[in-house]
Amino acid sequence: MPAPFTTADFQARMARAATAAADAGLAGLVVTPGPDLTYLTGYRPTATTERLTALVIAAGAEPVLLVPKLERPDAEQAPGAEAVRMADWTDGSDPYAALAPNLDGNGRYGISDNAWAMHLLGLQQALPGSSYAALTAVLPMLRAVKDHDELERLAAAGAAADLAYGEILGVEFAGRTENQVAADLAAFLVKHGHSQVDFTVVGSGPNGANPHHEAGERVIERGDTVVLDFGGLKDGYGSDTTRTVFVGTEPPAEVLAVHDLVRRAQQAAFDAVAPGVTCQEIDRVARKVITDGGYGEYFIHRVGHGIGLTTHEPPYMVEGETQPLVPGMCFSIEPGIYLPGRFGVRIEDIVTVTEDGGLRFNGTPHELAFVN
């Protein structure tokens, strides 16, 4: 179990956020329940409801966390509570009037992507001169660069997912449903320390051509190619890995050829990771390998996404994203080829940027694995 983050950790995060907001020309940030609030204060309400909870951060001002009065005891137990000034509001009063004195009535603020529309509209009504922009749009790097303790958590989550993969290779596939194999995967993730399982994609045969296929009642057959994409949270940080397996021992030549092409694309993209390289270049490198191999039209998604407190977050490895890679960034590299009605192949690792290249948080073999 890793050591918990401290009040000093959260103070430093909020100070960096305030500086970043000012540098971006913002009056400050309005942070509502979700990963940004957890990152900045350690506070994760037991339930996200219609009652307004909001953290206000601005350069030169003490951070303020406004919570419903009935939830204040929980908020005061958060590890970053001592780094904020706590305020509350009661049912029957106007929460936006309670928050307004902490905001510049004519300021432009970054607001959490997942803020409820009713809260954003309430703030706009209370402060008609204020304006708001999504945090992903104005501060995409807010949580993108991980510190040492975060990197350790992500590495441990990746190692746990690898152990789950090692176990799933030993279960029976043929004659069982995708749902049954997905349940096995979820159980293995929990066994190896995950507190939350976010997804267990089991795409067998033609279902593997759907990148986000929901496991269903299809019975897996010998001769099927099966895409396994799974992950969740361990000690608050995410895992996400994909491997493709074959049920049996004699895969068709095209399955072998496509799998090898995806493997080479994944390796080429990893080899391209280095500080200063743009996010879009990682996508371009993998896409070129697959396009040159004749399957470009069947690679239908970006090559990767950031990971941290959530399994999908900025930065995104996609055409048009010119953000340079920075040491401490963590993201997936997951090229795939999807042949409708036939099969799919995807290989995915989580990678972090180092001072001189990249480091994988997944270490399971990339070769096509055979299962029973």
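**Exercise 1. Determine which side chain forms a polar contact with S332, and describe the surroundings of S332.**

Solution. The side chains of S332 and E334 are joined by a polar contact of 2.8 Å. Here a polar contact is a pair of N or O atoms within 3.5 Å; within protein, one must be able to donate a hydrogen and the other to accept it, and residues adjacent in sequence count only if both atoms are side-chain atoms. The model is predicted: local features need pLDDT of at least 70 and side-chain atom pairs count only at pLDDT 80 or more, while totals for chains, interfaces and linings use all residues. Residues are numbered from 1 along each chain as its sequence is written, and side-chain values use heavy atoms, with hydrogens and water left out.

Helices (H or I, at least four residues) and strands (E, at least two) are DSSP runs, numbered from the N terminus. With a relative accessible area of 0%, S332 is buried; buried means under 20%, exposed over 50%, and partly exposed in between (1.4 Å probe, protein chains only).

Finally, list the contacts (heavy atoms within 4.5 Å). Apart from neighbours within four places in sequence, S332 touches V303, G304, H305, M317, E348, D349 and I350.

**Exercise 2. State the strand order of the open sheet of six strands, and identify its edges.**

Solution. The order is β4-β3-β2-β1-β5-β6, and the pairing is mixed. Strands β4 (85–89) and β6 (131–134) are at the edges; each has a single partner strand, so one side of each lacks a neighbour in the sheet. On average, neighbouring strands of this sheet are turned by 25° against each other, direction ignored.

Pairing requires at least two DSSP bridges between two strands. The individual pairs can then be taken in turn:

- β1 and β2 run antiparallel and are joined by three bridges; V31 has L55 as its bridge partner in β2.
- β2 and β3 (residues 64–68) also run antiparallel, with three bridges; V56 stands opposite V64 in β3.
- β5 (residues 108–111) and β6 run parallel, with four bridges; R108 stands opposite S131 in β6.

**Exercise 3. Describe how helices α1 and α5 lie against the sheet, and which way the side chains of β2 point.**

Solution. Angles run from 0 to 180 degrees between N-to-C directions, and axes are lines fitted to C-alpha atoms, for helices over the stretch in contact. Helix α1 (residues 7–23) lies across β1 (28–31) and β2 (54–57), at about 65° to β2. Helix α5 (residues 117–126) packs on the sheet and touches β1, β5 and β6; its direction makes about 155° with that of β6.

Within β2, A54 and V56 point one way, L55 and I57 the other way, and all are buried. The hairpin of β2 and β3 has six residues between the strands, and G60 takes a positive phi near 80° there.

**Exercise 4. Is G223 buried or partly exposed, and what does G223 contact?**

Solution. G223 sits in the loop between β7 (196–204) and β8 (225–234). A relative accessible area of 43% makes G223 partly exposed. Leaving aside neighbours within four places in sequence, G223 is in contact with F246 and V247. G223 and P252, 29 residues apart in sequence, are 8.5 Å apart in space, C-alpha to C-alpha.
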